[in-house]
Amino acid sequence: MDGNGRWANERGLPRIEGHRRGADAVKRALKAAQENGVKIITLYAFSVENWNRPKDEVDALMQLLDRFLQEQLTELVKRKIRLRVVGRYQELPEHICERLSHVEAATAEFTDYTLALALNYGARTEVVDAARAIAQAAQAGKINPDELNYEQFAQHLYTKDLPDPDLVIRTSGEARLSNFLLLQAAYAEIYFTPVLWPDFDEKQFKLALTDYAARERRYGQTAEQLQG
Ligand code: IPE
Ligand code: MG
């Protein structure tokens with residue numbers, strides 16, 4: 001979700017106003033996902049690199065997140081959407097961790113729809129965390145390094161209980177992944193749009209889905225093989 005700051009700048013508003021409107025866009029996207037049968041949506045809400053932003057902005061983002069979780073708890077329960085956190089979330093402020101655990105627990109039983117929030121997330125950090133866990137398991141004699149395959153490796157990623165994404169949407173005209181789900185997105189279709197995140201509405205969501213539907217996913221095979 002990119003472009004909150006530019007959305008605000010263009011209007012002569014403080015960046016935090018852009019983030020506020022970005023939170024509204026999150027609610028719209030969540031609704032659009034469910035209405036269009038998208039069962040899992042992962043939102044890159046805060047990266048490990050985002051700590052480097054000015055303290056005021058980081059504090060404001062955490063406050064917005066706290067309020068979002070507080071507000072959305074009833075909504076998630078009502079719409080039977082499970083919350084999952086993806087990232088090193090123990091390093092987030094304590095009150096946020098508590099709220100996240102609370103919302104996760106309150107929605108844990110839902111199986112049809114999932115909202116995954118990437119918080120304090122970075123793909124490289126995730127790979128290092130996985131490598132460390134695997135090395136420790138190997139040292140303890142619980143796994144045999146010679147037999148390690150990707151499926152086992154992926155069991156140590158934060159996304160271990162989530163399927164790989166089919167579609168990755170990057171807003172605001174940037175054409176990069178910025179350390180987001182680098183392994184999981186290996187075969188994802190990527191959709192770049194110039195639309196700034198606060199302007200990303202249901203119509204934009206549908207445009208992305210239509211674009212995705214027209215793609216041919218070959219997973220390394222030839223087009224002829226897939227037709228056969
Ligand atoms: C939202 O947009 C990203 C986060 C919530 C951290 P940005 O804050 O990156 O917006 P731009 O890139 O300055 O426009
Ligand atoms: Mg940005």
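The following legends describe close-up views of a predicted model.

**View 1. Overall make-up of the predicted protein.** The protein contains eight helices and five strands, and these elements follow one another from the N terminus in the order α-α-β-α-β-α-β-α-α-β-β-α-α. Its radius of gyration is 19 Å, close to the 17 Å that the globule rule gives for 228 residues, so the protein is as compact as a globular protein of that length. Taken along the principal axes, the box filled by the C-alpha atoms of the protein is roughly 55 × 50 × 35 Å.

**View 2. The three-stranded open sheet.** Three strands, arranged in the order β1-β3-β2, make up an open sheet in which the pairing is parallel. Its edge strands are β1, spanning residues 40-47, and β2, spanning residues 81-86, each of which pairs on one side only. When direction is ignored, neighbouring strands of this sheet are turned against each other by 20 degrees on average.

**View 3. The pairing of β1 with β3, and the helices that lie on the sheet.** Strand β3, residues 113-121, pairs with β1 in the parallel sense, and the pairing extends over seven bridges. Within this view, Y44 is found opposite A118 of β3. Helix α2 lies across β1, β2 and β3, and runs at about 160 degrees to β1. Helix α3 also packs on the sheet, where it touches β1, β2 and β3, and the direction of α3 makes about 165 degrees with that of β3.

**View 4. The packing of helix α2 against helix α3.** The axes of α2, residues 15-35, and α3, residues 55-78, come within 10 Å and cross at roughly 25 degrees. Because angles under 35 degrees count as roughly parallel, α2 is roughly parallel to α3. The crossing in which α2 passes α3 is right-handed. On the α2 side the contact is made by R15, I16, H19, R20, A23, V26, K27 and L30, while α3 contributes E57, A60, L61, L64, F68, E71, Q72 and L76. Sorted by class, this contact of α2 with α3 comprises nine nonpolar, two polar and five charged residues.

**View 5. The packing of helix α3 against helix α4.** Helix α4 covers residues 94-107, and its axis comes within 10 Å of the axis of α3, with the two crossing at roughly 15 degrees. The helices α3 and α4 are therefore roughly parallel to each other. Here α3 passes α4 in a left-handed crossing. The residues of α3 that make the contact are M62, L65, D66, L69, Q70, L73, L76 and V77, and those of α4 are H95, I96, R99, L100, H102, V103, A106 and T107. By class, the contact of α3 with α4 has ten nonpolar, four polar and two charged residues.

Technical notes
Residues are numbered from 1 along each chain as its sequence is written. Chains are lettered from A and ligands numbered from 1 in the order in which they are written. This is a predicted model: local features need pLDDT of at least 70, side-chain atom pairs count only at pLDDT 80 or more; totals for chains, interfaces and linings use all residues. Side-chain values use heavy atoms; hydrogens and water are left out. Axes are lines fitted to C-alpha atoms, for helices over the stretch in contact, and angles run from 0 to 180 degrees between N-to-C directions. Helices (H or I, at least four residues) and strands (E, at least two) are DSSP runs, numbered from the N terminus. Angles under 35 degrees count as roughly parallel, over 145 as roughly antiparallel, 65 to 115 as roughly perpendicular and the rest as oblique. A crossing is left-handed if the near helix is turned anticlockwise from the far one by less than a right angle, and right-handed if clockwise. Contact means heavy atoms within 4.5 Å. Ala, Val, Leu, Ile, Met, Phe, Trp, Tyr, Cys and Pro count as nonpolar, Asp, Glu, Lys and Arg as charged, and the others, Gly among them, as polar. Two strands pair if DSSP finds at least two bridges between them. The radius of gyration is taken over C-alpha atoms; the globule rule is 2.2 Å times the number of residues to the power 0.38.
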